[in-house]
Amino acid sequence: MQALKRLLIAATALGAVSVVTIEPSSATPTSGGLGGFGNQAPADPPPKTLGNAGHGKISALAGIQFDLTKNGKGRETGAVTPASDWTPPACWYAPKYDAEGAAREFLGYDRSPNHTGMEDAEAIRNRYIKGHPYTNFNLAKQGKGYWWTAFYDDSRLTDPGADDCTDPPFWVDTGAPPPPVKNAVTPEILAQLAYAQIRIPQGKASFNPSGTQIVNVPTWVWMDRTTFHPVSVRAFVPVLGIEATTTATPVGLHIDPGTQDATLSPPSGDCPMDAHGNVGTPYVTGDDGNNPPCGVTYLRSTQNRGPYRLKATVTWKITWTGTGQPTPVALPDGTFGAPQDAYVREQQTVNR
């Protein structure tokens with residue numbers, strides 16, 4: 001059995017995770033790229049696309065599919081970073097084959113010149129053909145269930161969490177629950193996997209005054225509300241009839257001025273959304289001299305010392321709804337903050 005597990009885990013790791021896009025009209029589970037019976041390495045997967053991957057289409061990840069049409073779009077987007085040490089699953093179990101598909105996959109392995117040896121081949125025969133515990137890949141149950149197998153996030157194969165999925169493929173009858181293995185796909189697992197697909201804006205903060213700041217003059221700081229708005233990803237498994245939608249909503253901005261020679265407004269540097277849905281509060285003509293609801297006042301110039309590294313971090317509230325869960329459930333908040341240079345000069349005044 002250990003030989004069988006080594007073989008199946010190696011096959012899954014070789015396949016890893018490749019994201020492909022398909023038109024919504026052809027959104028069906030795919031069988032390539034992940035898990036499986038046998039260890040023949042597939043063709044090299046395409047590079048995993050970040051940013052606006054799948055804009056206007058549906059992205060398929062083996063048996064789990066992702067609707068990315070309401071995700072963050074554009075070149076300046078990236079993955080949300082959990083605010084805690086929580087991470088989405090590095091591996092999970094989901095349907096991959098019907099009985100005939102599993103049999104075809106086995107035949108491809110059995111005839112491969114690259115298989116790992118007769119010991120592993122015999123282990124597969126015993127488990128899936130000879131009745132210990134399955135017979136002939138459950139061909140007698142064709143159309144009445146699916147073979148489930150482990151899938152892995154190819155960017156996290158070395159994570160400790162990738163060791164949570166070491167069971168070889170197992171059969172689940174239609175309508176029956178899977179055995180009690182960790183990370184068997186459920187609406188909650190789908191929500192967590194959708195979390196990993198969320199793409200949020202990673203643009204920089206806007207300032208007023210723009211450009212170089214002035215010592216002792218308040219600087220207004222905010223994020224463009226046309227860019228920083230809620231985004232969502234829907235994950236679903238058509239053959240199981242389950243789904244989950246994970247939504248990320250910006251809820252606040254934290255300012256780190258990059259120096260102790262500064263005061264913040266508010267003093268905590270934590271700026272909530274304003275009444276108009278802005279992250280922070282935009283400057284409006286005529287606000288000169290007013291203390292900004294969200295901003296920083298530098299007390300010393302950057303001359304002869306280089307710019308301060310101001311960092312504006314947006315906090316995103318993450319929730320999910322899905323099959324059997326119509327009320328939003330919280331997932332760990334996410335954050336993104338991009339440091340940017342802040343140049344500060346002194347402005348001399350002359351009294352006459």
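Q: Where does Pro209 lie in this structure?
A: In this predicted model, Pro209 is found in the loop that runs between β10 (206-208) and β11 (213-214).

Q: What kind of peptide bond leads from Asn208 to Pro209?
A: As a general idea, most peptide bonds are trans. Here the bond from Asn208 to Pro209 is cis, and its omega is near 5°.

Q: Which residues does the cis peptide bond with omega of about 15° join?
A: That cis bond joins His132 and Pro133, and Pro133 sits in the loop between α3 (118-128) and β7.

Q: How should I read phi, and what is the phi of Asn138?
A: The general idea is that most residues other than glycine have a negative phi. Asn138, however, has a positive phi, near 60°, and this residue belongs to the loop between α3 and β7.

Q: Is Asn138 buried or exposed?
A: Buried means a relative accessible area under 20%. Because Asn138 has a relative accessible area of 12%, it counts as buried.

Q: What is the phi of Asn216, and where does Asn216 lie?
A: Asn216 also has a positive phi, near 70°, and is a residue other than glycine; its place is the loop between β11 and β12 (219-223).

Q: Is Asn216 buried or exposed?
A: The cut-off for exposed is over 50% relative accessible area. Asn216 is exposed because its relative accessible area is 53%.

Q: How can I read a sheet, taking the one with β6, β7 and β8?
A: Look at the order of the strands, then at the direction of their pairing. This is an open sheet of 3 strands in the order β6-β7-β8, and the pairing is antiparallel. Its edge strands are β6 (91-97) and β8 (170-173), each of which pairs on one side only. On average, neighbouring strands of this sheet are turned by 40° against each other, with direction ignored.

Q: How many bridges join β6 to β7?
A: There are 6 bridges between β6 and β7 (residues 145-152), and these strands run antiparallel.

Q: Where is Gln340 found, and is it buried or exposed?
A: Gln340 is part of strand β20 (residues 325-342), and it is buried because its relative accessible area is 7%.

Q: What surrounds Gln340?
A: Leaving aside neighbours within four places in sequence, Gln340 is in contact with Lys204, Ala205, Phe207, Tyr308, Arg309 and Leu310. With Ala205, a polar atom of the Gln340 side chain lies 3.0 Å from the backbone nitrogen of Ala205.

Notes
Residues numbered from 1 in each chain as written. Predicted model: local features only at pLDDT ≥ 70, side-chain atom pairs only at ≥ 80, totals over all residues. Heavy atoms only, no water. Pairing = 2+ DSSP bridges. Helix = DSSP H or I, 4+ residues; strand = E, 2+ residues; numbered from the N terminus. Axes fitted to C-alpha atoms, helices over the stretch in contact; angles between N-to-C directions. Buried < 20%, exposed > 50% of the residue type's maximum accessible area, 1.4 Å probe, protein only. Polar contact = N/O pair within 3.5 Å; in protein donor to acceptor, adjacent residues only side chain to side chain. Contact = heavy atoms within 4.5 Å.
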